[in-house]
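Open the model in your viewer and keep the selection panel at hand. The tour goes stop by stop.

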Amino acid sequence: MNFPIPEFLIKLLEEQYGRQTTEEIIKGYQIKRKTTLRINKIKSSIEEIISTLQENHIEYETVRWSTEAIILKDTQEQEIQNLKIYQDGKIYMQSLSSMLPPILLEPKPGMDILDMAAAPGGKTTQIASITKNQANITACEKNKIRAERLKYNLEKQGAKAYLMTQDARNIDDFFSFDQILLDAPCSGSGTIHIQNPKLEQTFTPQLIKQSVKTQTALIKKAINLLKTGKEMVYSTCSILKQENEEIIQSIITDKQAQILPIPKELIEKMQNIPTLPTKIKGTLCVCPNDLYEGFFIAKIRKI
């Protein structure tokens, strides 16, 4: 059973994108998303995972912009959880959209990297996988229960990271990092579930307002912690400008940072990703559909 999308959200979307694009977004809310996973290169390889899928007669397809991402055609997550490759941490169930921020961060071995809101650990373990456990990763999570989940996933994936259980807004400015991933807490306007009977009670203007307050504080802290000339990625699973362009506009206006456009080679590989228009050139906003969640990503360099 589908439940109505809050009227105020439809109004916000129409104001930002127009009626036609809003209708496309709503279609994306209504469609069932395919199951996707990420190969954990710390423990496995694409050859092993594909071989296992074929042995179990699981149909799949690969993704042009990543050698780690797999789309499952007609298989649910519960079926994958029964496989040994899942139980051994050789794969991680993760949406395609949420794989994009670590890829755009381009983490490097030997770098001091901060994941500011790390739980449950999908992006942290992805960074560890990309760098083959050769980066110095700090994973921050203020909620103790979520931090335990993060710790569990780090251990299961064999990912090396220092776990910091505190609010990232309170990290001492004594620390500094070469790269930062800020996948900020948000309203989730890109991942609306219309099967949620409490949607109108949980998705509210107050939620957006509180998210903006948190995002503003977090991005200011991120800029303080980032070394001059170094880079960070800001992302949310929201498609509202209040939580995206307007958040990063403040640090650009203050001339603390500049937007780094997505590299041309990545843009060519990402041509099939459905996108929404953005107010700031060089940023990426993904439109929800059967493969992707709504997501916003900006790569930023500290001046």
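A residue counts as exposed when its relative accessible area is over 50%, as buried when under 20%, and as partly exposed in between. The model is a predicted one.

**Stop 1: K132.** Select K132. Its relative accessibility is 54%, so K132 counts as exposed. K132 sits in the loop between α7 and β6 (136-140). Check the backbone: phi is positive, about 55 degrees, although K132 is not a glycine. Most residues other than glycine have a negative phi.

**Stop 2: E106.** Now go to the loop between α6 and β5, where E106 is found. E106 is not a glycine, yet its phi is positive, about 55 degrees. Is the side exposed here, or in between? With a relative accessible area of 29%, E106 is partly exposed.

**Stop 3: helix α6.** Step back to the helix that E106 follows. Select residues 96-105. Ten of the ten residues of α6 are buried, so the helix is largely enclosed by the rest of the structure. Colour them by name: L96, S97, S98, M99, L100, P101, P102, I103, L104 and L105 are the buried residues.

**Stop 4: A119 and P120.** Select the pair. The peptide bond joining A119 and P120 is cis, with omega about 5 degrees. Most peptide bonds are trans. P120 lies in the loop between β5 (112-115) and α7 (122-130).

**Stop 5: helices α1 and α2.** Select residues 7-17 for α1 and residues 19-30 for α2. Their axes come within 7 Å and cross at roughly 130 degrees. That makes α1 oblique to α2. The crossing of α1 past α2 is right-handed. Show side chains next. From α1, L9, I10, L13, E14 and Y17 meet R19, T21, T22, I25, I26 and Y29 of α2. By class, this contact of α1 with α2 has seven nonpolar, two polar and two charged residues.

**Stop 6: the cysteines.** How many disulfides are there? The count comes to zero, with a disulfide taken as a pair of cysteine sulfur atoms within 2.5 Å. Select C140. C140 is in no disulfide, and the nearest cysteine sulfur, that of C186, is 17 Å away. C140 counts as buried, at 0% relative accessibility. Move to C186. C186 is in no disulfide either; the nearest cysteine sulfur, that of C237, is 3.2 Å away. C186 is buried too, with a relative accessible area of 18%.

Conventions: Residues are numbered from 1 along each chain as its sequence is written. This is a predicted model: local features need pLDDT of at least 70, side-chain atom pairs count only at pLDDT 80 or more; totals for chains, interfaces and linings use all residues. Side-chain values use heavy atoms; hydrogens and water are left out. Axes are lines fitted to C-alpha atoms, for helices over the stretch in contact, and angles run from 0 to 180 degrees between N-to-C directions. Helices (H or I, at least four residues) and strands (E, at least two) are DSSP runs, numbered from the N terminus. Angles under 35 degrees count as roughly parallel, over 145 as roughly antiparallel, 65 to 115 as roughly perpendicular and the rest as oblique. A crossing is left-handed if the near helix is turned anticlockwise from the far one by less than a right angle, and right-handed if clockwise. Contact means heavy atoms within 4.5 Å. Ala, Val, Leu, Ile, Met, Phe, Trp, Tyr, Cys and Pro count as nonpolar, Asp, Glu, Lys and Arg as charged, and the others, Gly among them, as polar. Buried means under 20% relative accessible area, exposed over 50%, partly exposed in between (1.4 Å probe, protein chains only).
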